[in-house]
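Subject: Structure handover

Hi,

Here is the structure I promised to pass on. My notes on it follow below.

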Amino acid sequence: MRIDVVSIFPTIFDALEVSLLGKARTTGLLDVRVHDLRDYTHDRHRTVDDTPYGGGAGMVMKPEPWGEALDDIVGDVERRPVIVFPSPAGERFTQATARELSAASHLVFGCGRYEGIDERVFDYAAELGEVRLISLGDYVLNGGEVAVMAMIEAIGRLVPGVVGNPESLVEESHEDGLLEYPSYTKPSVWRGREAPPVLLSGNHGAVAAWRREQQLERTRERRPDLLAD
């Protein structure tokens, strides 16, 4: 999978060099390319923002640098990419979204800042690929970088071969619409707290039933909205 990221703070994405995603980049499973939006400006101050039409607080990211960046990134690919812009006004990012996007061959992420990106950039991007405005949650961040980092990790780990044991992906939270069951390991008693005896019983059917009940109980207690869905 190829992933392109456009940001005015490209060094933030150095964190993708570590852990499983870093290994996936080394082995070629993930081809991640980070681009500095300011490289597509042509003035002495490398300006990427300006005051909003109609007035109001803050600044808006100018369309010209974004247009040139998208042309540069998408111009050399044969298939239309999925172009993702994190936005509090977008669809909600879920595990299902991550799994859907993990099947794409090319993702482009655009990290907005300030009061956002000129709306015409999204319209133009739709001529180059499939545009998705996606919200990480019902809150506002200073910019799109943190959201994009989270999305890349959630998506990247679902790419075949990135996680060593693919079975570990099946039973995670949200894969079946429920939260994951609690996990325990040795010792069986730690500081007076015992691991559930059923997990030490060797009865696989009983373990599976206990884990399912724990999923339902956790979801009822912490995320009842998931059961409603």
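A network of salt bridges links E91, E100, E130 and R132. A salt bridge here is a side-chain nitrogen of Lys or Arg within 4 Å of a carboxyl oxygen of Asp or Glu. The whole structure holds 13 salt bridges.

Please keep in mind that this is a predicted model: local features need pLDDT of at least 70, side-chain atom pairs count only at pLDDT 80 or more, and totals for chains, interfaces and linings use all residues. Residues are numbered from 1 along each chain as its sequence is written, and side-chain values use heavy atoms, with hydrogens and water left out.

**More salt bridges**

Side chains of opposite charge can pair when their charged atoms come close. D39 pairs with R46, with the closest N and O atoms 2.7 Å apart. R46 is partly exposed, at 32% relative accessibility. The cut-offs: buried is under 20% relative accessible area, exposed is over 50%, and partly exposed lies in between (1.4 Å probe, protein chains only).

K62 and E64 also form a salt bridge, at 3.9 Å from N to O. K62 is partly exposed at 22%, and E64 is partly exposed at 48%.

E145 forms a salt bridge with R113, and their closest N and O atoms are 2.9 Å apart. This pair links distant parts of the chain: E145 sits in helix 5, R113 in the loop between strand 6 and helix 4 (119-125), and 32 residues separate them. Both E145 and R113 are buried.

**The chain overall**

The protein chain has eight helices and nine strands. These are DSSP runs numbered from the N terminus: helices are H or I with at least four residues, strands are E with at least two. Of the 229 residues, 41% count as buried. The C-alpha trace spans about 70 × 40 × 35 Å along its principal axes. The accessible surface is about 13,300 Å², and 51% of that belongs to carbon and sulfur atoms. Accessible areas come from the Shrake-Rupley method with a 1.4 Å probe; for residues, only the protein chains shown count as cover.

Among contacts in the chain with a separation of 6 or more, 76% join residues 24 or more positions apart. Contact means heavy atoms within 4.5 Å.

**Cores**

The largest nonpolar core has 29 residues. I3, V5, L107, F109, M151, I152 and I155 have the most contacts inside it. Such a core is a set of buried Ala, Val, Leu, Ile, Met, Phe, Trp, Tyr and Cys residues joined through side-chain atoms within 4.5 Å. Strand 1 (2-7), helix 1, strand 5 (82-92), helix 3 (95-101), strand 6 (106-110) and helix 5 each give two or more residues to this core. Helix 5 gives the most, with seven.

Leaving out residues up to four places away in sequence, L107 touches M1, R2, I3, D4, V82, L101 and I155. A second, separate core has 19 residues, including Y40, V48, L70 and A125.

In helix 1 (residues 19-27), L21, G22 and A24 are buried. They lie on the same side of helix 1 because they cover an arc of only 160 degrees around the axis. That arc is taken from the directions from the helix axis to the C-beta atoms. The face turned away carries the exposed residues S19, K23, T26 and T27. The buried residues of helix 1 pack against helix 5 (145-156). G28 follows helix 1 and has a positive phi, near 90 degrees.

L21 has 8% relative accessibility. Not counting residues up to four places away in sequence, L21 touches L16, L30, I152, E153, G156, R157 and V162. G156 lies in helix 5 and is buried, at 0% relative accessibility.

**A surface patch**

Y139, L141 and V146 form a nonpolar patch on the surface, with about 290 Å² of accessible area together. Patches take residues with over 30% relative accessible area and no salt bridge, joining like charges within 9 Å and nonpolar side chains (Val, Leu, Ile, Met, Phe, Trp, Tyr) within 5 Å. V146 belongs to helix 5 and is exposed, at 55%.

Best wishes
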